[in-house]
Amino acid sequence: MYLLRLAIKSLGNRRFSALLTVIAIGLSVTLLLAVEKVRTEARSSFASTISGTDLIVGARSGSVQLLLYSVFRIGNATNNVRWDSFEHFASHPRVDWAIPLSLGDSHRGFKVMGTNQSYFDHYRHGRDQALTFTAGAPFDDLYDAVIGADIARELGYELGTELVLAHGTGAVSFVDHGDKPFQVSGVLARTGTPVDRTIHISLEGMQALHVDWQQGMPARGAAAVSAEDARELDLTPTAITAILLGLNNRISTFAVQREVNQYGGEPLQAVLPGVALQELWSLLGMAEKALFIVSVFVVLTGLVGMLTAILSSLNERRREMAILRSVGARPRHVFALLLLEAASLAIAGILLGLGLLYLGLWIGQPLILSQYGLFIAITPPGLYEWTLLGAILLASILMGSVPAWRAYRQSLADGLSIRT
């Protein structure tokens, strides 16, 4: 215990360099734990981009491709799903609810998706969080549109804003639906998912946009159908892009999946969202590992800074060592003293890093949630985090053994006898 008090007093005598070392270690620990926490929460949020949905049904392709275009709005479907196929599975006795999704148009680079009221009732994200509105309500009129939070923020749209949808999913389109403008009826709260960058309209509205289109171009003259005339037509869709299914009992998931895959009406595929998300995440795992490795090297840089500070002070502390020897300290005491100094600096840095981490989380949690839709829970470090901190402490002790060994050899060279 007296060696620990002596180590702390010795560090206090060199408080400026010790403080800089503690700050360097603290900042590197903060970065490591912050990266790990964001990585963990981002992975959890990624896996929860869609939750509560048991199966995603679409035309046969790959599971990742089906997930990308139906949930992340990336890419295009290889084929559509007939409306009678949707009605077949929506009325299936094992299906609790079904959400139709129809993609194909855009607005200033943002995807437009046709759906129905079931989307707002049953779609879940994150930890089983429902969609909520910051303004307005779901579409009620044929030409109503519900926009995501990012669209409202980036384009400055609000309730009642008129928008003209464009044909196709590209950022630039040369053909639009200017004869049938929509208006914003609702703005969704931020979710941190592709919902934030999606314009939602009714399936009937999607059908009305293309009711007078022929071979990918709008009809001209007498064949054209006005916005008001379209209201009088039967706007039941003939095909959609994908279906989200929620089952009465998850035990029947594989049975319904097999039934979809073997459906005789048309070639369809059903995938489990969780499995497809894990498959997609595995493709992105390299970037995740690279970020973690960078943060580990930052911590090592902080520990090397501690090692450099202790080594550079050895020559300046020859008088201190001589005084310790004169009062009976042995080489092993000098060795233990320097090890305790290194451990004390590491522990202080770890505590500072933890304090900075939780202070940053407390301050930044609302901002991160509002800007990026990522909820980072303020929870005590788990077993994995404590293992990382233990590894940092062990590494600091191992690095501290280098100057401690040099001091030990120096004490022997100065003629101090070793008694065991």
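Tutor: This is a predicted model, in which local features need pLDDT of at least 70 and side-chain atom pairs count only at pLDDT 80 or more, while totals for chains, interfaces and linings use all residues. Residues are numbered from 1 along each chain as its sequence is written, and side-chain values use heavy atoms, with hydrogens and water left out.

Student: Where is K180 found?

Tutor: Helices (H or I, at least four residues) and strands (E, at least two) are DSSP runs, numbered from the N terminus. On that basis, K180 belongs to the loop between strand 10 (166-167) and strand 11 (182-188).

Student: Is K180 buried or exposed?

Tutor: Buried means under 20% relative accessible area, exposed over 50%, and partly exposed in between (1.4 Å probe, protein chains only). The relative accessibility of K180 is 0%, so K180 counts as buried.

Student: Which side chain does a polar contact of 2.8 Å join to that of K180?

Tutor: A polar contact is a pair of N or O atoms within 3.5 Å; within protein, one must be able to donate a hydrogen and the other to accept it, and residues adjacent in sequence count only if both atoms are side-chain atoms. For K180, the partner at 2.8 Å is the side chain of D179.

Student: Which residue of strand 17 stands opposite G58?

Tutor: Two strands pair if DSSP finds at least two bridges between them. Strand 1 (residues 55-59) pairs with strand 17 in the antiparallel sense, over four bridges. Opposite G58 stands Q269.

Student: Which residues of strand 17 point the other way from L268 and A270?

Tutor: In a regular strand the side chains alternate between the two faces of the sheet. In strand 17 (residues 268-271), where all are buried, L268 and A270 point one way, and the other way point Q269 and V271.
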